[in-house]
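Morning, everyone. I have one structure to walk through today, and I'll keep it brisk.

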Amino acid sequence: MVSTGSRRLPLEGVRILDITVVWAGPYGTQVLADWGAEIIRIESIKHFPPTTRGMMPYPDRNMPSLGGGSAQFPDHEPGKRPWNRWASFNAHARNKRSMTVDLRRPEGQEVFDRLLRISDGVMENNVPISMERVNVTWERVHEVNPRAIMIRQPAFGIDGPYKNYRTFGSHMAAVVGHYSFMGYRDEDPSMTGNTLTADAAGGAAGALAFSAGLRHREKTGEGLFIELSTAENFMTYLGDQFMDYSMNGRQPGHQGNRDPQYAPQGVYPCLGDDRWIAISVQSDEAWQALAGTVMQRPDLASDSRFATLAGRQEHHDELDVELLTWTVTQDAIEAMNLLQANNIAAGTVMAESDAYADPHMQARGFWEELTAEEVGTHLYTSTLWTAKNTPRRHRWGPPRMGEDNEYVYKELLGFSDAEYKEYEAAGHIGMDYDLDPGD
Amino acid sequence: MTLEPTSIMPLDDVRVIDLTHRTAGPFGTRILGDYGADVIKIERPETGDPTRSMPPFYKDEPGLERSGLFMFLNTNKRSMTLDLKSERGREIVKELVKGAQIVVESFSPGTMDAIGLGYEDLKKINPKLVMTSVSNYGQDGPYRDYIGIELNLYAMGGSMTSSGDVDNEPLKTAGRMVSYHAGYAAALASALGLFQVEFRDADGDYMDVSIFETAMHSIDMRLGRLMGYQYTGHIGTRPGRAVAVGGGVHPCSDGFFLMTGGPRFIPNIIRMIGMEELLEQPEWGTAEGRANPDRIDEFLAHIIPWTLERTKEEVRAACEEFAVLGGPLNTIEDLVNNPQFVARNYFQEIDHPTTGPIKYPGYHNRMHREGVDFPKRRRPPLLGEHTDEVLSEIGLSADAIAALRKDGVV
């Protein structure tokens, strides 16, 4: 649906201080920024946050593994300020603002308080010890601004023996049992790779938590503290597997790409290099359509061994070979369209190039072009959903570190030019890192 | 508008008419219920939501009140049956919509319009209504009517292209990642729409959630790689086995452990396994040396003997101590005994006539308010358990309800 609306974005006028890192937290503030919230990222030129704005501040373009892959930088070129050119950051930072302050010093703490008094809340997803060091806790936030909402989203929550256990989404997935199901059949988990779905789930949860906090605040006049463990939140994504264990004591192993209810099902190679299609036969009729109509194999369609789900499960390995024999002669996109036209569940494993070229995404206006300084003009994913009466439209591209310092210090906090210069000289305000030893 | 100032949960004066079924939509309304909304789940008479007939079943015996999938997805909801094919059934939906703030539905695109319950119909009854539709590909576009299931939606929209091993086929993720992410989007779309109505003095809105799009929008691998492709033309591959020195899935005495390697972490890993002398050698003492992928196998020979002597929880504790990133590959059984989740009292025991009290995953968040006890989750409803209750709330007499039941409307 292409939105025809023109009214204000729902969160216009809502200001959130963003101390999020890496992915889960920033994804949450991305969604809120997309719908109009003023997200002010609080960064520091004295401290480089690894993975958030790159793996290291000045990576060598010739050593891609040091920089997390030069594929992360436009034209493989880290440039003078690599942290402004890092794909993983820029992918989520559109519509946000960035300011710098060193929260480890008293005058930085003062800036934080002044900002907090004119904000609706704070979102952060750091390991608790990091926030305790700079005294960004609920007690402090609530004291400074009783109407403020705070979302704290450490991987494992703010207490318990894992309180300060640092992880990425891939490790949280391990901890909550994801890889006990995800993996190649009859293989140990070493080839599974890893998934960062915990971050996506956590981001959505954080955005919803803040929205719920806003409503609570409007109702009661009081702020709200919501704590969200990204790992606990992600465990709910394995709800039915958990229930099977709870009800039946069962812990199934790796299913590969198969499914107990559908057969054949798998991911099969197509024409070209690393081209694949996912196919799932969900009924006896779908099998007839696949074998008889699409693959033109009446011998398979009439073979009684394959007429039922049980039979197709029993002969799955054999059927995989028959399907593959057909798919390797097919273009991955054309095969998807042909299979879907015959009511068979199928989808191309879309590489990045497929995603941008996809006619459906284009028809629905899913890609939006934005220009960012030091980066260039690129396409960005649009909003997480379309609203009929509210425009689906980004406002600006990802901010360079410190890009909004003048706006925040002068317009919002009323700093004079002299005070601004003073904070610049003191290493709070800037657009380049001035790292302390050890950072 | 006037709001109840003494309420406990953020959404506890919000009514949601839930016309969703299967997994994505019900996951979304489940979350709204967890935030306190009164979710009225409308199910078709006799058979109910199709997930009632989907595994896993309690003791593996199928039955409408035995599905673990249904139970997981439908806590904190009320269930009423209603035949939407009947004129009277549709009138009752309209009656319910008058007193509701949110409608969430997940029928095939066009279905709600065809039965006279589309957004254009419902907003005439309640201009402040927020209506959210969840569908596989969205309400329009060339794929609108394509079949969508976890597997192919993850292939198309999600990060399957970077999932698994480079020498093998792309690998499906576990669980219902794609559906549930769309469920979150539906809950969030509904909540922001409501915010706009209540606090921005706006009319209602219609939200179109496409599972294909929410997967493509997900920060899971996909988002960074999509941007990286524009930057360099680089097509991402599947990582599979160790991609950096020290990283990979290492065997332990009781399972496996996923560890992140690379030049930044190797010194910490080396200290963790007690081989500090390695750092004095030029090939390990410099970042360049540690980045050399030829060293992957060499380093595995150092680390695997160390991990094999330890349990995965011991390796985890060592990682925390030495600032190494990693995580144990747990099973569900490990989880229910895990010291962290047990200490935080994460799991919830919920009683149900079929299963008796059993463990469920807990709330996805914790609200901290001094002196406020938050309500426990209510068990998943039996099919039509609240039909009479809901109908009497909209003013139907016992006789009128009996007549509806006789006619098969409820």
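Let's start with one pair of residues. In β9 of chain B, Gly326(B) is the bridge partner of Met259(B). Keep in mind that this is a predicted model.

That pair belongs to a strand pairing. β8(B) and β9(B), residues 326-328, run antiparallel and share 3 bridges. On its other pairing, β8(B) is joined to β7(B) by 5 bridges, again antiparallel. Look for Cys252(B): it stands opposite Gly255(B) in β8(B). The link from β7(B) to β8(B) is a hairpin through 2 residues. Is β8(B) mostly covered or mostly open? Mostly covered: 4 of its 5 residues are buried.

Now a helix that packs there. Helix α13 of chain B covers residues 296-308. Its buried residues pack against β7(B), β8(B), α10(B) and α14(B). Which residues of α13(B) are buried? Phe299(B), Ile303(B) and Thr307(B) are.

There is a kink in α13(B). It is about 30°, and it lies at His302(B), shortly before the proline Pro305(B). What about the length of the helix? With 13 residues at 1.5 Å a residue, α13(B) should span 18 Å. The end C-alpha atoms are 18 Å apart, so the two values agree.

Next, the whole chains. Chain A has 18 helices and 12 strands. Chain B also has 18 helices and 12 strands. The C-alpha trace of chain A spans about 85 × 50 × 50 Å along its principal axes. For chain B, the spans are about 85 × 50 × 45 Å.

Burial next. Chain A has 439 residues, and 56% of them are buried. Chain B has 410 residues, with 55% buried.

And contact range. Take contacts in chain A between residues at least 6 apart in sequence: 70% of them join residues at least 24 apart. In chain B, residues 24 or more positions apart account for 68% of the contacts with a separation of 6 or more.

Now, how do the chains meet?

Zoom in on the join between the chains. β12(A), residues 386-387, runs antiparallel to β6(B), residues 205-210, with 2 bridges. Thr386(A) stands opposite Asp208(B). Ala387(A) stands opposite Met207(B). A reminder for anyone new to sheets: strands pair through backbone hydrogen bonds, either parallel or antiparallel.

On to the core. The largest nonpolar core holds 233 residues. Which members touch the most others? Leu208(A), Ile277(A) and Leu188(B) do. Helix α7(B), residues 177-199, gives the most to this core, with 15 residues.

Take Ile277(A). Beyond its neighbours within four places in sequence, its contacts include Tyr268(A), Cys270(A), Ala332(A), Met336(A) and Val349(A).

Compare Val21(A), 213 residues away along the chain from Phe234(A): their C-alpha atoms are separated by 18 Å.

That's the tour. Happy to go back to any of it.

Methods:
Residues are numbered from 1 along each chain as its sequence is written. Chains are lettered from A and ligands numbered from 1 in the order in which they are written. This is a predicted model: local features need pLDDT of at least 70, side-chain atom pairs count only at pLDDT 80 or more; totals for chains, interfaces and linings use all residues. Two strands pair if DSSP finds at least two bridges between them. A residue is buried if 20 or more other C-beta atoms lie within 10 Å of its own, exposed if 12 or fewer, and partly exposed in between; C-beta atoms are placed from the backbone. Two residues are in contact if their C-beta atoms, placed from the backbone, lie within 7 Å. The expected span of a helix is 1.5 Å times one less than its number of residues. The bend at a residue is the angle between axes fitted to the seven residues ending there and the seven starting there. A nonpolar core is a set of buried Ala, Val, Leu, Ile, Met, Phe, Trp, Tyr and Cys residues joined through C-beta atoms within 7 Å.
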